[in-house]
Amino acid sequence: MAEDTSGGKGKVEPLRKTRPCPECGHPSIRESYPFCSERCRTLDLSRWLKGSYAIPVAEDESRADDENRD
């Protein structure tokens with residue numbers, strides 16, 4: 001096993017920079033990244049499961065007319 005020869009405790013770098021929580025704006029934590037807590041993480045998951053998040057779709061009627069003529 002390798003020993004620490006730096007003469008003290010090594011500095012541990014975080015894997016990711018903290019970001020503001022998308023729910024409340026508090027700094028994120030490693031265990032619930034990118035959220036600040038399990039509560040905010042659960043709120044976001046709940047919105048996904050209810051279908052509150054959706055990608056808007058624009059219907060292009062001119063393409064539909066062209067396809068029907070072929």
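Among contacts in the chain between residues at least 6 apart in sequence, what percentage join residues at least 24 apart? In this predicted model, in which residues are numbered from 1 along each chain as its sequence is written, local features require pLDDT of at least 70, side-chain atom pairs count only at pLDDT 80 or more, and totals for chains, interfaces and linings use all residues. Side-chain values are based on heavy atoms, with hydrogens and water left out. The share in question is 5%, a contact being heavy atoms within 4.5 Å.

The chain contains 2 helices and 0 strands, taken as DSSP runs numbered from the N terminus (helices: H or I, at least four residues; strands: E, at least two). Of its 70 residues, 10% are buried, where buried denotes under 20% relative accessible area, exposed over 50% and partly exposed in between (1.4 Å probe, protein chains only).

Residue D44 lies in helix α1, which spans residues 38-50. Although buried, D44 has no salt bridge, and R47, the nearest side chain of opposite charge, is 5.0 Å away; a salt bridge requires a side-chain nitrogen of Lys or Arg within 4 Å of a carboxyl oxygen of Asp or Glu. Leaving aside residues up to four places away in sequence, D44 touches E23, F35 and Y53.

The count of disulfides is 0, the criterion being a pair of cysteine sulfur atoms within 2.5 Å. For C24, the closest cysteine sulfur is that of C36, at 3.4 Å, which is too far for a bond. C24 is partly exposed, at 37% relative accessibility, whereas C36 is buried, at 15%.

Technical notes
Lys and Arg count as positive and Asp and Glu as negative; His and the chain ends are not counted.
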